[in-house]
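Q: I would like to learn how to read a few features of a protein model. Could we take them one at a time?

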Amino acid sequence: MGRPAAVPRGEDRAAASPLLLAFRGKPAPVTPVWLMRQAGRYLPEYRALREGRSMLELIASPELSTQITLQPLQRFDLDAAIIFCDILPPLSGMGLRIHFDSQSGPVVENPISSTRDIDMLAVPPAEENLGSTLQAVRMAAAELSPRGIPLLGFAAAPFTLASYAIEGGTSKSYTKTKLLMYREPAAWERLMRKLTTVLADFLVAQARAGAKAVQVFDSWAGIALGRDDYLRFVQPHTKKLFASLKAAGVPAINFSTGSAGFIEDVAEAGGDVVGVDWRLPLGVYWKRIGLDRPIQGNLDPAVLLAPWRELRLGIDAVLDQAAGRPGHVFNLGHGVLPETSPDAVKRLVDYVHERGSR
Ligand code: CP3
């Protein structure tokens, strides 16, 4: 399929973009590519803006958030921007105090440790609690729409956010989270219901503010849990989240890592598009979730640190696995690593477009 003869303007241009065509399973003139964590520490211009400011100050400023969202688009020919925020801010309106430590990453200062803590959690509307990010979505979408580039909104999935609320930060073993599940299943249910309500509201609000698709990051469910626990304690809530997102009227991406053992169950939780990690070849994942379901992925982010010949082999392998079928969006299998060179990202984006055009 060639490029459309008459190029529509404004809103229509984003709708006809390669990314949104692929998210709907339609043939696109080129394989669309964007990278999880494409705005961040590997970019010197991000580090310059971050200098002397905290992550939360950046997130609280719609102007700075918009600027950071657009930074990677100034360097690379990406098919999407993702709004600059993080997965933790929804917790602060619920009554948890958060900050970002440059050594240990995200920190919840008063993590949940009792069923009473769960009952105390507030469920405020996104407009009240996350207004600066919603304003940044409006501003970034206004910049990007005339260029035909879709803006993505995002949030964590309920399990991944619960793990931060309970562990107080990134965890290796997730024992506190699992102990709450096993010891206090009713309290776990209440926590997951509250998180799901807050996350659904935030994602729908991002779509209303101008996000053309939304991604749900379940970064840790597959790392932490076996299949049976995923099915019992997580999937019903993630399912409810994706069902609520239908109201947003934009495609939703269901991304997870470490879930190769039960990707069918993850896919069954919902989402128009399934985002996959690099543990299996893309074609294997695609057959398991169904070839009629759009897929996003899945180069190992570490390959971006390798010499070009190795990087090219890795990109070729992903594109060969996709075999030119409609409904593939090129991405990494997880976020860009901070030690990545921007030159490698540029080569990747250009090569995907060159090889993935028809
Ligand atoms: O382009 C983008 O994707 C930027 C927006 C973005 C950030 N975090 C900014 C950020 C997004 C989509 C996220 C998602 C996020 N945050 C996830 C899901 C994706 C994934 O990687 O699994 C998770 C688990 C987090 C939690 C988090 N935030 C961690 C573990 C860390 C520390 C480690 C790291 O990768 O930096 C953060 C901090 C963070 N979030 C930074 C940025 C730019 C670095 C903060 C700094 O400037 O010190």
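Q: Which handedness does the β-α-β unit made by β8, helix α17 and β9 have?

A: Keep in mind that this is a predicted model. To assign handedness, look with the strands pointing away from you and follow the path from the first strand over the helix to the second; a clockwise path is right-handed. Here β8, helix α17 (residues 308–322) and β9 form a right-handed unit.

Q: How many bridges join β8 to β9, and do the strands run parallel or antiparallel?

A: Strand β8 (residues 295–299) and β9 run parallel and are joined by five bridges.

Q: Is strand β9 mostly covered or mostly exposed?

A: A residue is called buried under 20% relative accessible area. In β9 (residues 328–332), five of five residues are buried, and the strand is mostly covered. Check both faces: His328, Phe330 and Leu332 point one way, Val329 and Asn331 the other way, and all are buried.

Q: What lines the largest pocket, and which residues lie nearest its centre?

A: Start with the volume, then go to the lining. The largest pocket holds about 1,100 Å³ of space. Its lining has 37 residues, with Arg37, Arg41, Asp86, Pro106 and Val336 nearest the centre. By class, 21 are nonpolar, ten polar and six charged.

Q: Which element supplies the largest share of that lining?

A: Helix α3 does, with three residues. At least two lining residues come from each of α3 (44–50), β2 (98–101) and β3 (105–108).

Notes: Residues numbered from 1 in each chain as written. Predicted model: local features only at pLDDT ≥ 70, side-chain atom pairs only at ≥ 80, totals over all residues. Heavy atoms only, no water. 1 Å grid on protein atoms, 1.4 Å probe; cavity = no way out; pocket = protein on both sides within 12 Å on 5 of 7 lines; lining within 4 Å. Points joined across faces, edges and corners; volume = space filled by probe spheres on them. Helix = DSSP H or I, 4+ residues; strand = E, 2+ residues; numbered from the N terminus. Nonpolar A, V, L, I, M, F, W, Y, C, P; charged D, E, K, R; others polar. Buried < 20%, exposed > 50% of the residue type's maximum accessible area, 1.4 Å probe, protein only. Pairing = 2+ DSSP bridges.
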